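Please look over this structure before reading my notes. They cover helix packing and pockets.

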Amino acid sequence: MMKTSKIPGFLVALLLAACAGNKDAIDITKPVTGEAATNALRAYQKGLEERKSQNFLEATRFFEWVRNNFPYSQYAALSELALADMAFDRDDFAAAAAGYQDFVKSHPSHPKADYASFRVGLAYYQDKPSDWFLLPPSYEKDQAPIRSALDAFQRFTLAYPKSELVTRARDLIAGCRERLAQHERYVAEFYTKRKGWRGAAGRWMVLADTYGDLQGGKTRGESLWRAAQAWRNASDAANEKATLERLIQEAPDSPHRRDAEQMLKEIPPAPAPAPAQTPGPARPASPPPSAPAPAEKPPPADQPPQPTPKPEQPNR
């Protein structure tokens, strides 16, 4: 009896995907016909039906038709929003964020503008690095999507403070800041392990200044303490002193306060600057040296030297 060979699971998945692709191979440039072709509402509703049935390509055809052929209809704007929503549903978060941004820019006073603005941040947030046991932790990876999400959520809360989505946006803002703080802490530890003291101190200072309010303010005290230690290892007494003074003033409840006070005592005082010299009275200018007396010319060689005449005696 012959044994039937088993097809690997990933090949089965590829075959199923190929079959599904052929089934949904719809030409979205094909013109819409029938009642939907002359009525924006019917074409839009047809697109919603196709989207609900997860016929995304067919839904795209109807939404594109409404947007291109009825640009001044209210359903044109709704079709733009639906296209962005479908990109989000397909996990194409970059396209979704761009679609939502275009909607807000083109329709800033639309009743759905706050929804679209919020979804810009949500699309970026969903595109964040993921945690998988075979890969490094997410906080070690590039955090650009989280930074974009944080910026989008903050702009949303400022632009639409009365939106019902503000509460959720603020929760997501807190989550974004926690993730970014975790990444900043990872980078600071990276420099610390390699004894890159100045780089480590700079990162701890960023953590204290930008995310110091997290964990009830404990992040500020801990970060300033680690920064002071890094400055000490870098032999930078001035920055060490300034950082320790900040810790005592800004984080008085820190468990490192007493150690900080002790470290401050151990820092030698800075040398006093040399006193400036006061200029004295101006010295008088020295007279120019007198010109030497002209030397007597020797007599000609053929002439004997003449006797020196005797001085005349006064008459007695």
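At what angle do the axes of helix 5 and helix 6 cross? The points below start there.

1. Basis. This is a predicted model; local features need pLDDT of at least 70, side-chain atom pairs count only at pLDDT 80 or more, and totals for chains, interfaces and linings use all residues. Residues are numbered from 1 along each chain as its sequence is written, and side-chain values use heavy atoms, with hydrogens and water left out.

2. Helices 5 and 6. Their axes cross at roughly 160 degrees and come within 7 Å. Helix 5 is therefore roughly antiparallel to helix 6 (angles over 145 degrees count as roughly antiparallel, under 35 as roughly parallel, 65 to 115 as roughly perpendicular, the rest as oblique). Axes here are lines fitted to C-alpha atoms, for helices over the stretch in contact, with angles running from 0 to 180 degrees between N-to-C directions. Helices are DSSP runs (H or I, at least four residues), numbered from the N terminus.

3. Their contact. The crossing is left-handed (the near helix is turned anticlockwise from the far one by less than a right angle). Helix 5 contributes Ala77, Glu80, Leu81, Ala84, Asp85, Ala87 and Phe88, and helix 6 contributes Phe93, Ala95, Ala96, Gly99, Tyr100 and Phe103. Contact means heavy atoms within 4.5 Å. By class there are ten nonpolar, one polar and two charged residues (Ala, Val, Leu, Ile, Met, Phe, Trp, Tyr, Cys and Pro count as nonpolar, Asp, Glu, Lys and Arg as charged, the others, Gly among them, as polar).

4. The largest pocket. Its space is about 230 Å³. Of its 13 lining residues, Arg67, Glu80, Leu83, Ala84 and Gly99 are the closest to the centre. Helix 4 (56-69), helix 5 (74-89) and helix 6 (93-106) each give two or more residues to the lining. Helix 5 gives the largest share, five residues. The lining has seven nonpolar, two polar and four charged residues. A pocket is an open set of points on a 1 Å grid over the protein atoms alone, where a 1.4 Å probe fits, with protein on both sides within 12 Å along at least five of seven lines; lining residues have an atom within 4 Å of a point. Grid points are joined across faces, edges and corners, and the volume is the space filled by probe spheres set on them.

5. Helices 7 and 8. Helix 7 (residues 113-126) packs on helix 8 (residues 144-159) at about 160 degrees, with the axes 7 Å apart. So helix 7 is roughly antiparallel to helix 8. Helix 7 passes helix 8 in a left-handed crossing. Residues that meet include Phe118 and Tyr125 in helix 7, and Phe153 and Phe156 in helix 8. The contact has eleven nonpolar, three polar and one charged residue.

6. Helices 12 and 13. The axes of helix 12 (residues 237-250) and helix 13 (residues 257-266) come within 9 Å and cross at roughly 145 degrees. This crossing is left-handed. Among the contact residues are Lys241 and Leu244 of helix 12 and Arg257 and Glu261 of helix 13. The class count is six nonpolar, no polar and five charged.

7. The second largest pocket. Its volume is about 160 Å³. Its lining includes Gly216, Lys218, Glu222, Asp253 and Pro255. Three lining residues are nonpolar, four polar and three charged.
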